[in-house]
Amino acid sequence: MEKLERVASHSGTVQNVRKGLVAVQIEAVSACATCQAHAHCGFAESKNKTVEVPTADWQQYHTGDAVTVHIDESRGMLAVWIAYVLPALLLLAVIIGLSLAHLPEWAVILAAFATLGLYILILYLRRRKVERHFTLTITPLTQSSN
């Protein structure tokens, strides 16, 4: 039996087209409320966001075209884990572990900040690999029937 994947979709307008990439301005709409990750993904935080969607058929899109951008919701949840849950767990582990080791508070705080800084640095250095996990797709608005 094949697993059905849930896809989050956002309507938008093409802002810019260049070889291999289509920049789309996403309009936050009430449909975000149905997505499990809506409170954390960033699309729902403001009215408009611009995302760049890599696509082989970039030539069919033009500035001003109405499109739909899709992402697998499980990938959205992975983004939530990477951006919020893992750093929080890491921070708690460092604080609790070093506090139990009876280090002074200033040392615990310094170690916690250093740990978060290291986490961010690792994410930054591995950003290309992480980006490959988050594949956005784009379809002209007339073709999307979700």
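Residues are classed by relative accessible area as buried (under 20%), exposed (over 50%) or partly exposed (in between), with a 1.4 Å probe and protein chains only. The structure is a predicted model, in which local features need pLDDT of at least 70 and side-chain atom pairs count only at pLDDT 80 or more, while totals for chains, interfaces and linings use all residues. Residues are numbered from 1 along each chain as its sequence is written, and side-chain values use heavy atoms, with hydrogens and water left out.

The protein chain contains three helices and five strands, assigned as DSSP runs (H or I of at least four residues for helices, E of at least two for strands) and numbered from the N terminus. Along the sequence these elements follow the pattern β-β-β-β-α-α-α-β. Of the 146 residues, 26% count as buried. With contact defined as heavy atoms within 4.5 Å, 71% of the contacts between residues at least 6 apart in sequence join residues at least 24 apart.

The five strands form an open antiparallel sheet in the order β3-β2-β1-β4-β5, where pairing requires at least two DSSP bridges between two strands. The edges are taken by β3 (48–54) and β5 (137–140), each of which has a single partner strand, so one side of each lacks a neighbour in the sheet. From one strand to the next, the twist averages 40 degrees, with axes as lines fitted to C-alpha atoms (for helices over the stretch in contact) and angles running from 0 to 180 degrees between N-to-C directions.

Strands β1 (residues 7–18) and β2 (residues 21–27) are joined by six antiparallel bridges. The two strands form a hairpin with two residues between them, and G20 in the turn has a positive phi of about 85 degrees. Across this pairing, R18 stands opposite L21, and N16 has A23 as its bridge partner. Five of the seven residues of β2 are buried, leaving the strand mostly covered.

One salt bridge was found in a search of the whole structure, the criterion being a side-chain nitrogen of Lys or Arg within 4 Å of a carboxyl oxygen of Asp or Glu. R18 and E52 form a salt bridge in which the closest N and O atoms are 3.2 Å apart. The pair links strand β1, which holds R18, to strand β3, which holds E52, across 34 residues of the chain. R18 counts as partly exposed because its relative accessibility is 40%; E52, at 42%, is likewise partly exposed.

A nonpolar surface patch consists of W81, L86, L89, L92, I95, I96 and L100, with about 670 Å² of accessible area together. Patches are made of residues with over 30% relative accessible area and no salt bridge, like charges being joined within 9 Å and nonpolar side chains (Val, Leu, Ile, Met, Phe, Trp, Tyr) within 5 Å. L86 lies in helix α1 (residues 73–100) and counts as partly exposed because its relative accessibility is 37%.

Technical notes. Accessible areas come from the Shrake-Rupley method with a 1.4 Å probe; for residues, only the protein chains shown count as cover.
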